[in-house]
Amino acid sequence: MQTREEMLRKIRLNKPERTSLPANIRFDSQYEDTESKFVETLTAIYTEVVIVKNWEELAVKAGELYEGVVNKATTIPELNNWADFSLNVADPHELEMIEILILKAEFGVAENGAVWISDNYLPHRVLPFITQNLALAIPRSAIVNNMHDAYERLTDTTGWGCFIAGPSKTADIEQSLVVGAHGARSMVIFLVEEA
Amino acid sequence: MSKTIMEHSEASEVFNRDEPYVDWHDETLWFVRQKRDKSSKLLPEWEELRETASQIKNYVLSELDELLVQFEQKAKENGVHVHWAANAAEHNEIVLNLLKQHGITAMVKSKSMLTEECHMNEFLSKNGIDVIDTDLGERIVQLRKEPPSHIVLPAIHLKKKDIGDLFHEHLGTEAGATDPQYLAEAARQHLRDKFMTRRAALTGVNFAVADTGAFVVATNEGNADMGAHLADIHIASMGFEKIIPKQEHLGVFLRLLARSATGQPVTAYNSHFKKPREGQEMHIIIVDNGRTTQLGRADFRNSLKCIRCGACMNTCPVYRRSGGHSYHNAVAGPIGSILAPNLDMTKYADLPFASTLCGSCSNVCPVKIDIHDQLYKWRQVLAKGGHVPQTKGIGIRAMSMVLSQPRFYQWSGRLGRSVMRTVPFMVNNSLNPWYKQRDMPEPPKESFRDWYVRNRKE
């Protein structure tokens, strides 16, 4: 407690005169077609975008895309028949076996390809990271322009959330890009028309 | 760090011995700078964004105490434990005690320049705690027992072959292997095992949001999240300047950060931690370590606006040709050179001189820190305080003598030009520091003044 008081005292003593916050913190670089911008951005960051009519069609597509893969998990009830790995585990370490995971998420951002996912959509926070391959499904209509719009839309009051843009990557070895550092090795975004 | 600390100029001399290597280092970083340019130009409002970010950060400095108190209160309401640390030693003690309370002897860590600044790994290791750095670049330098050379690209000074040899020795990869895909895969397997078995995770903090009590951690690899979501206890260490007032301000900063750092539109993972998950403990350590002092220096407090993107390093002609280690400080490059003297004026007196004052750093800074002005001002402070070596003082006094006497200046200019023309070995030798790693320029036939006087007459 003493340290806290001392730090705050020094800050009060040393801080500059009060300035005001900028009134405008939003900028309007709007995209005519947020969906095509979203797809363009994601393609550049090694992510495939698949448009489907409804959850049933998503299930069919998932069957095709991940044919022959075992340890498939999902949070989407319509895909229960497709999945063969239950997320009903007590210890998140058990999720390490998952090969492909399809999750429902909230919305996407055209400008940077990020998708918001949070506790609202996840039985375990580690899921989008621990899986070998990841797919996120959002309503086709849920794509905003940029990060300003994203935070305006974000009313999430859960304990944790993340903007995820593409698969995990690193360029730490001589600036050569490697996809699949610690998290997902591949990423697919499903845009669901009737979600 | 190293046993005996070399000054920046000495260390750069060593760095510059291998010319093809220096060229490669230079070009690699310049390539990152170019990616930043391309990416920033895609946003028509880029300059307005920088100005806005700068203003938000100015406000932060002026309201720091209140914002921190607000953040603390919100974080506590969210079930997060908040600690305050006046210096590196207190920070390290807090971490050690938390681990001891839980009987933990091994921890994973994602990138945190603050823990580098606090030399936490060394301290914990002396106290029987095994810390594994999980960012690939950081793991590489950790295995080499050296500090990161860049805040965003920790192993940028190494070639594939160095990493191949290192992994062969420590991770058992094939001898001579240099394929980045293969080497990264080996590191993935090695570190997965650590993630699966460690009960404590430490992360840095990119932004702490006062109005929600949340903190944001950005990575490309996903290592911060892998660590934090699997561990029983998550410790997040932050320098107190990481605070921002409102969640919506993240919109401004997240648009700037990755574009400035690597040219990506945004980092792959931008994780917003607010409450611990069920059964987990979450701790935040708010660290001062000299920051309150810096806040009190009117000329230098702006350095606390830094969001650690590294753009000033990638663009700096001196950094690119001298390497991060020559700065002998956790944060290298132009920003490191204005932060370090605040911590220790004697130890870091050389750093503000490791610059050409070209101003490129200030031009790329996403929060508009006047970096090159501060480098210049630090030189004055350090010289006045007697922290500048004698030889530099003699040189500066000689220069001031020449420059303050116009006739003497004209005469010495003429003398210099004729010496360089007639007896070039007088300057092209190892006694002249300007001759090191570069050729002296062709001397002009006449000075501008002579030319001007002649042409005015005609």
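How many helices and strands does chain B have? Chain B has 21 helices and ten strands. The model is predicted. Across all chains, the salt bridges number 37.

**Chain B: form and packing**

- The radius of gyration of chain B is 25 Å, which agrees with the value near 23 Å that a compact globule of 458 residues would have.
- The C-alpha trace of chain B spans about 85 × 55 × 45 Å along its principal axes.
- Of the 458 residues in chain B, 59% are buried.
- Among contacts in chain B with a separation of 6 or more, 73% are between residues 24 or more positions apart.

**Chain B: surface and charge**

- Chain B carries 58 positive and 54 negative charges.

**Salt bridges within chain A**

- Arg26(A) and Glu152(A) form a salt bridge, with N to O at 3.1 Å. The pair links distant parts of the chain, 126 residues apart. Arg26(A) sits in the loop between helix H1 (2-14) and helix H2 (34-44), while Glu152(A) belongs to helix H5 (residues 147-153).
- Arg26(A) has a relative accessible area of 27%, so it is partly exposed. Glu152(A) is exposed, with a relative accessible area of 57%.
- Lys53(A) and Glu194(A) form another salt bridge, their closest N and O atoms being 2.8 Å apart. This pair also links distant parts of the chain, 141 residues apart. Lys53(A) is in the loop between strand S1 (47-52) and helix H3 (55-65). Glu194(A) is in the segment after strand S11 (186-192).
- Lys53(A) counts as partly exposed because its relative accessibility is 41%. Glu194(A) counts as partly exposed at 46%.

- Arg255(B) forms a salt bridge with Glu111(A), with the closest N and O atoms 2.5 Å apart. Arg255(B) lies in helix H12 (residues 249-261) of chain B and Glu111(A) in the loop between strand S4 (107-109) and strand S5 (115-118) of chain A, so the pair joins two chains.
- Both Arg255(B) and Glu111(A) are buried.
- Arg4(A), Glu5(A), Glu72(B) and Lys76(B) are joined into one network by salt bridges that share partners.

Note on methods: Residues are numbered from 1 along each chain as its sequence is written. Chains are lettered from A and ligands numbered from 1 in the order in which they are written. This is a predicted model: local features need pLDDT of at least 70, side-chain atom pairs count only at pLDDT 80 or more; totals for chains, interfaces and linings use all residues. Side-chain values use heavy atoms; hydrogens and water are left out. Helices (H or I, at least four residues) and strands (E, at least two) are DSSP runs, numbered from the N terminus. The radius of gyration is taken over C-alpha atoms; the globule rule is 2.2 Å times the number of residues to the power 0.38. Buried means under 20% relative accessible area, exposed over 50%, partly exposed in between (1.4 Å probe, protein chains only). Contact means heavy atoms within 4.5 Å. Lys and Arg count as positive and Asp and Glu as negative; His and the chain ends are not counted. The place of a charge is taken as NZ of Lys, CZ of Arg, CG of Asp or CD of Glu. A salt bridge is a side-chain nitrogen of Lys or Arg within 4 Å of a carboxyl oxygen of Asp or Glu.
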